[in-house]
Amino acid sequence: MPEVDLDTRLPSVVGKVATKLETARGFLTVRDLLDFLPRTYLDPARPTAFRDLPQGEDVVVVGTVTSATTRQMKSRRGRILAVEVDDGAGQSISLTFFRPFGHQERLLPGVRVVCSGQLSTYGQQLQLTHPDYAVLTEGGASSSGGWLLDGLVPVYPATPKLTPIVHGDALDLVLHALTEVPDPLPSEVRVRHGLPGLAEAYRLVHRPTTEAEHRRGRWRLKFQEAFVIQAALARARLASDAAPAAPREPVEAGLVDALLVRLPFQLTDGQHQVLGELRTDLARDVPMHRLLQGEVGSGKTVLALLAMLAVVDGGGQAALLAPTEVLAAQHHRAITALLGPIAEGGLLGGMEGGTRVALLTGSQSAAERRTNLLAAASGEAGIVVGTHALIQEHVQFAELGLVVVDEQHRFGVEQRDALRAKASLAPHVLVMTATPIPRTVAMTVYGDMTTSTLRELPRGRQPITTHVVTGDRPAWVERAWARVAEEVRNGGQVYVVCPRIGEEDDPDVVPGLQNPDLSGVLQVTRALREMPTTRDLRIAPLHGRLPAEEKEATMRAFTTGQLDVLVATTVIEVGVDVPNATTMVVLDADRFGISQLHQLRGRVGRGGKPGLCLLVTQGEAGDPGAVERLEQVAATTDGFELARLDLETRREGDVLGASQSGGRSGLRFLRLARDEELIVAAHDAAWATVEEDPDLARHPALRREIEQLDAERAAFLERG
């Protein structure tokens, strides 16, 4: 057999089994198979508790044969072999073979066996029909399953049409054939952290003799995954730093100072600190790469505006990229209102030396779009706000000096880079997010950026009270809608958030009570207009299917107080700011993530009145932990604590921007909620390695890993 490495195609090593592995799992190479880790391990020296096994699922068990009986079948010709296997605790499983030949000589009383198959019951008896098995007694194993005779027995997630023992045999072939495994981890890093080599790590994970061995192997694989990601981020940061940026020195009595004087409130201590960090970064000739995170309403937008004005003071332009037209339009309105005469440069009554603010979205009229394109290209507009429309080829800037990205998780990295490419020199980049980010996520996803955090809320911000309302208590649901009407009578406005848009012909329901389907915007709007409690209120829907003009008109009507209740999807999740909104009702709240719920409720209580959030759920029928998660949201308004809880309850997803690809661009081994110590250690080691050897000339295996990671991510983005 020729040399086998991690990129060797599976058919040349495992033969026909490769076809099943590719069909069922998409595995093509030796690496794919080795990276598919056991979900648990069985110890042949310890009994398997048969009573705890899940019926109807594929199981792997270890036990001792107590009896084997062959008898004539009653209903058809032939004989049947029934083998009783005991778990050592008084529970047995029957192995049933309708073709006894070859099995009755091996499955003798007293031998230890590993069996795998789908667990069922016959009468009161647990049963495996024609299971795959291997005899553990010395001398009793056939050529298949010989690897089961020593150490722990790995149990893998079930693969259709492939028995666990055949799977294990394929792995055995791969482990024995593997001849060359270049190690991405430098030897000095392995020595410093006490890590085994990569080939040894695979052996420890797939063929451990003790619990300590497979833990050591997994730790090594996790460390490598974190190390490669951190090295990729370090190289990206070094590459971006190598491109010169135009420094934007502070200007005395410029636009920044003019806005600080004009603001109707005082910046908090935290805002002053972050503003200082931004101005220091902008004054350097190395491009700023800063992540600004903070609670909803903590004042990120004001700081971003001050940073944009600092760039305009220095002779440049700033672009603000927003994820939706609603949010882009709101940013434009809010910025224009805050700036007042500062944004009326060149106009009668405008500030001398002021600037202009342009808006670019996909739904603008041709004339309006031409005007704003010209303002951006000529430099007349110092600040350009827009959606993805900013990225299009024909959008040009006179001197783009700063790119501000609002809610980075709504954009791919390539979209941010496309906007940066419109600058002659490398622009500074500021990324904002209102979704608090746990430390491990910040290091892994935004590891190439410096992080600033706003933890305190602006002075005068009102508290938000949250309650959970369960649909199995009609009186609670009725009281929730009565409370909505009361809030409107007291001068407030209300958001009602639904998980889907729905259809016009959805059946009528009472929103919030137990229903077979999730609540839809169209269904709930119709119901609220008919319910005696709410029918006198001014109610309108807002969702993604509406034409852009209608969305804008609806949002404007709600903002100016012409609507009482806005029934919407999560289009209002990010950035929508209506100070008079005091109440939010989230229907089917268990369908939203913890951090998303926290983000949503931040839309209320932004004026002078306290906020109220009602989380309505149909109960625990579909998700036993649903009410508990909602109670966690209700118990605290600390977004960072909720972000940590959210991370523990969901999968990590993609770490470099392409969401849920399922390929190697996603995290395979790391768990961001549990591996903080490891990620910190890998971060320090990777950045030190890249700083010492930026081109990785001395670390070719690491360079290949990063190139493969980038290539697979790029391929996913092209497909997506």
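This is a predicted model: local features need pLDDT of at least 70, side-chain atom pairs count only at pLDDT 80 or more; totals for chains, interfaces and linings use all residues.
Colleague: Which residue in E13 stands opposite alanine 318?

Modeller: Alanine 318 has leucine 402 of E13 opposite it. The two strands concerned are E10 (residues 317-321) and E13 (residues 400-406), and they pair in the parallel sense over five bridges. Residues are numbered from 1 along each chain as its sequence is written, and side-chain values use heavy atoms, with hydrogens and water left out.

Colleague: What is the order of the seven strands in the open sheet?

Modeller: Strands of a sheet pair through backbone hydrogen bonds, either parallel or antiparallel. Here the pairing is parallel, and the order across the open sheet is E11-E12-E10-E13-E14-E9-E15. Strand E11 (356-360) and strand E15 (450-454) stand at the edges with a single partner strand each, so one side of each has no neighbour in the sheet. On average, neighbouring strands of this sheet are turned by 20° against each other, with direction ignored; axes are lines fitted to C-alpha atoms, for helices over the stretch in contact, and angles run from 0 to 180 degrees between N-to-C directions. Helix H11 (residues 325-339) packs on the sheet, where it touches E10, E11, strand E12 (381-386) and E13 (contact means heavy atoms within 4.5 Å), and its direction makes about 170° with that of E11.

Colleague: How many bridges join strand E2 to strand E3?

Modeller: Strand E2 (residues 58-72) and strand E3 (residues 79-86) run antiparallel and are joined by eight bridges, with arginine 71 standing opposite isoleucine 80 in E3. The two strands form a hairpin with six residues between them, and glycine 78 in the turn has a positive phi of about 110°. E3 is also joined by six bridges to strand E4 (residues 92-97), again in the antiparallel sense, and valine 83 has leucine 95 of E4 as its bridge partner. In the hairpin of E3 and E4, five residues lie between the strands, and the turn holds glycine 88 with a positive phi of about 85°.

Colleague: Is leucine 204 buried or exposed?

Modeller: Buried means under 20% relative accessible area, exposed over 50%, and partly exposed in between (1.4 Å probe, protein chains only). Leucine 204, found in helix H6 (residues 198-206), counts as buried at 3% relative accessibility. Its contacts, leaving aside neighbours within four places in sequence, are Pro196, Glu213, His214, Arg216 and Gly217. Glycine 217 lies 13 residues from leucine 204 along the chain, yet their C-alpha atoms are separated by 5.1 Å.

Colleague: Which backbone atoms does the side chain of glutamine 364 reach?

Modeller: Glutamine 364 sits in the loop between E11 and helix H12 (366-378), and counts as buried at 12% relative accessibility. Its side chain reaches the backbone oxygen of leucine 359 at 2.6 Å and the backbone nitrogen of threonine 361 at 3.3 Å. Not counting residues up to four places away in sequence, glutamine 364 touches Leu359, Arg369 and Asn372.

Colleague: How many disulfides does a search of the whole structure find?

Modeller: A disulfide is a covalent bond between the sulfur atoms of two cysteines. The search of the whole structure finds zero disulfides, where the criterion is a pair of cysteine sulfur atoms within 2.5 Å. Cysteine 115 counts as buried at 1% relative accessibility, and cysteine 498 is buried with a relative accessible area of 1%.

Notes: Two strands pair if DSSP finds at least two bridges between them. Helices (H or I, at least four residues) and strands (E, at least two) are DSSP runs, numbered from the N terminus. A polar contact is a pair of N or O atoms within 3.5 Å; within protein, one must be able to donate a hydrogen and the other to accept it, and residues adjacent in sequence count only if both atoms are side-chain atoms.
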